[in-house]
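Here is a friendly walk through one protein chain. Take a look at its sequence and structure first, and then read on.

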Amino acid sequence: MLERFFNTYRTKSEYGALSDSEIKAFVTAEYTLYLDTYMGGAEGKTGAFSFQFNMLMEKTVKVIRFIIDELKNSAFDVEDTELDFPNDIHSYSYILPDGHEIRIRGKVDRVDSSVQDNEKYIRIIDYKSKSESKGFSLTEAYYGLDLQMLIYLIAITRNGGYRYGDFKPGGVLYSNVLFGQFSEKEAKGKTTDDLIRDAFKLEGLYVDDERLSIADKNNFKPQSSTKVTPEELQTVFGKVDLLIREMGESLYSGIIPAQPLKIGSKTTCEYCAYEDACSYNMNEPKINAFAAVRSKKREHILAQMKEDVDAANESEVNGDA
Ligand code: SF4
């Protein structure tokens, strides 16, 4: 839906001028087309179905309105939606010391760009529609978790010149497009729109550059975001390369250990489809078998990443790799 929306209204002046009723007309036409094409039309559907269908349309109108508002009030505009690796742009690639190449395919929901103080920046946006965004955690990235968006940003930074020209990576931001339930405490004194707008606010990892404003400040959550200097971002990229290299070497050598982690009260096995067949997971007591990831301060994690990257570079120079 969002891809079709931005393919229809391509410029900020076009989508920025839309009224709520125009957005609603677009959404209704798209949903009706989908209903007719894939679900046999509205005829014969139950009242409950129609109710849910209308609710979904209303939510979609709100999501689009909030996205437009953020874009209108930020310096960024949409460059691409549903950017596909490798069909639209070369994928992330890493050549292992033994010559094997690791390539990672995928799609980015949205790529935005902005020229600020004569410098072009790219930010990438991930719409969270299945689970709520929990912000960005450098600690988790250090342990190889939630690397997807970082990997896409690396691929765009390294391979996106022919598509976007000269630019600097600005960050990766998550946007909830899923409205869950709100607690009474959260809801106190707020309208439904306030609550949804709060839930929608962007958060993630961004570059701390005084020339760069990463998002509209009214639609951004700095407290659940991580800022890094351009140099620190390169260190994070280097650490991601190392993690991919370790994973690739381990896979090609046939060593694929189960190393699930525990983060707070959750484990990395939570969404695994093989839980029933996994011998590791059958170990009792399960909780004791998981290595715990403890959140550490940004400075500590960045220093550790730098140490790892420097050590790997040194060993490459010495021919140890
Ligand atoms: S259940 Fe087993 S296979 Fe699945 S993530 Fe956990 S350890 Fe890995």
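Where is the place of Glu82? Glu82 sits in strand E1, where a strand is a DSSP run of E with at least two residues and a helix is a run of H or I with at least four, both numbered from the N terminus.

Before going further, a word on the model. It is predicted, so local features need pLDDT of at least 70 and side-chain atom pairs count only at pLDDT 80 or more, while totals for chains, interfaces and linings use all residues. Residues are numbered from 1 along each chain as its sequence is written.

**Backbone details**

Glu82 is not a glycine, and yet its phi is positive. Asp117 is not a glycine either, and its phi is positive too. Asp117 belongs to the loop between strand E4 (106-116) and strand E5 (119-128). To judge exposure, count the other C-beta atoms, placed from the backbone, within 10 Å of a residue's own: 20 or more means buried, 12 or fewer means exposed, and anything in between means partly exposed. The table puts the two residues side by side.

| Asp117 | about 50° | 9 | exposed |

Another detail is the peptide bond from Phe85 to Pro86, which is cis with omega near 10°. Pro86 is in the loop between strand E1 (77-85) and strand E2 (92-95).

**Domains**

The protein chain is assigned domain 1 (1-72), domain 2 (75-229) and domain 3 (233-317), with bounds from an automatic or database domain assignment. Between the C-alpha centres of domain 1 and domain 2 there are 23 Å. Their contact involves 11 residues of domain 1 and 15 residues of domain 2, where a contact means that two C-beta atoms, placed from the backbone, lie within 7 Å. On the side of domain 1 that touches domain 2, helix H1 (2-8) and helix H4 (47-73) each provide at least two residues. H4 gives the largest share of that side, 7 residues.

**The whole chain**

Altogether, the protein chain has 13 helices and 11 strands. Its radius of gyration, taken over C-alpha atoms, is 22 Å, close to the 20 Å of the globule rule for 321 residues, so the chain is as compact as a globular protein of that length. That rule is 2.2 Å times the number of residues to the power 0.38. Of the 321 residues, 26% count as buried.
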